[in-house]
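Hello,

Please find the structure below, followed by notes on what was found in it.

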Protein chains: 2
Amino acid sequence: MAKRKVANLLALAVLSYLTQRPMYPYELSRTLRDHGDDRSIKFNHGSLYMVVQQLARAGFVAEQGTSREGQRPERTVYALTDAGRAELRDWMRELVAEPQHEYPQFVTALSLIAALPPSEALPLLRRRLDRLAASRAEIRALIDGALDQGVPGLFLVEEEYRLTLLDAERAFVTRFIEQITDPDTGWGGRWAEFHGEHPPTNERTES
Amino acid sequence: MAKRKVANLLALAVLSYLTQRPMYPYELSRTLRDHGDDRSIKFNHGSLYMVVQQLARAGFVAEQGTSREGQRPERTVYALTDAGRAELRDWMRELVAEPQHEYPQFVTALSLIAALPPSEALPLLRRRLDRLAASRAEIRALIDGALDQGVPGLFLVEEEYRLTLLDAERAFVTRFIEQITDPDTGWGGRWAEFHGEHPPTNERTES
DNA sequence: CTCCTATTATCCATAACTGACTATTTGGGA
DNA sequence: TCCCAAATAGTCAGTTATGGATAATAGGAG
């Protein structure tokens, strides 16, 4: 799996939208925003222009000419090339078939959580649970709203996936809290000791 | 939540390890690798030096002097400052309590999956399931091995979390495949039509 | 009719990251 | 004993990403 000439996932979205018709960068930008793709793909205005340049340099898109409307700045329109079509297809196949090792922030937090005393970690974890529940409700509402507007379910799978992950995380955090407060596992005990504290209890509020 | 002066999560690990004692960059690098933190934190040798510099500039660590062993290059030893201790604490609290909006690659893939015909997506998704199962077995083995070596469970929570996410993803992909192949939901039908194909079936092999 | 703001469209300076490179030393095998 | 591989310690060039800056026009409030 040699490295891609253009690695930024924003480029994948660009390739995908250019299969429909040639576009100029700003048009791509607006389309991405309108479709809510900025929820799934890290996106900022500036990097879109860079990504299009990179794609052009790699031969995946080609400048198709320029157009102008009124006195607005000139627009450079880009079209997908055959190489670009091939890249899109190959990249999508890879992304769907091969899970990537990634670094979610919460993994980092967990790997260093022993740096906090358990008496501090517990309320923070409970707070996280609240936030996760709120986040879940938001996504649920977004999906239901879109379905009501007639958006086909297929275009909302990524949000369903997010829901799945959210629920799994909530279950995990709940279990984690139990393990910390359960005196039988001994987890909370040694952890608290290390920080010079008493073992945590199941109480909702710490003294 | 104003932006952190040093945003790279590698910096968090550095702050965390420096609470134990002052270290020089290479020592930090080796310690991180030995503890397997490179599984949880995006890490490469070069950026560690940059991150330490950034931390120094921000006042979170301070050059403590230099030491030398034999004819090896001189080592610059860094120690945590009070500001650094405060930053570590505050950052950890934020990471634990506040879920961040992130962009996992599979979310991107799903958001663009309609670009592939369902006849292609199906085998790819099945392949992903295999990979996920393999990945799960690997992590399971890693955890069990570490527990056997006497590593306390608390230092393996991040791997347990990964397992949880993996299982959730497997369940999701399984459901997704069912939704595509189930003729009642109509998903596969319209999707296939759009690509000029017949609706997918439940068969394991496509003609 | 004029001013203010939002939109359209792109560019660019700066900061950050990546991967490769240098150069010495130690340990172990033939 | 000699040589190679791995470990030690750090630097740096080239590439990417980020978040404004720029600049023209359209739309609407007053």
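The domain assignment of chain A gives domain 1 (9-97) and domain 2 (105-194), with bounds that come from an automatic or database domain assignment. The centres of these two domains of chain A, taken over C-alpha atoms, are 34 Å apart.

This is a predicted model: local features need pLDDT of at least 70, side-chain atom pairs count only at pLDDT 80 or more, and totals for chains, interfaces and linings use all residues. Residues are numbered from 1 along each chain as its sequence is written, chains are lettered from A and ligands numbered from 1 in the order in which they are written, and side-chain values use heavy atoms, with hydrogens and water left out.

The same surface serves both copies, as 100% of the contact residues of chain A recur in chain B (contact: heavy atoms within 4.5 Å).

In helix H8 (residues 187-194) of chain B, the buried residues are B:Trp187, B:Gly188, B:Trp191 and B:Ala192 (buried: under 20% relative accessible area, exposed over 50%, partly exposed in between; 1.4 Å probe, protein chains only). Helices are DSSP runs (H or I, at least four residues), numbered from the N terminus. On the other side of H8(B), B:Arg190, B:Glu193 and B:Phe194 are exposed. The cover over the buried residues of H8(B) includes helix H7 (157-181) of chain A.

Regards

Conventions. Helix = DSSP H or I, 4+ residues; strand = E, 2+ residues; numbered from the N terminus.
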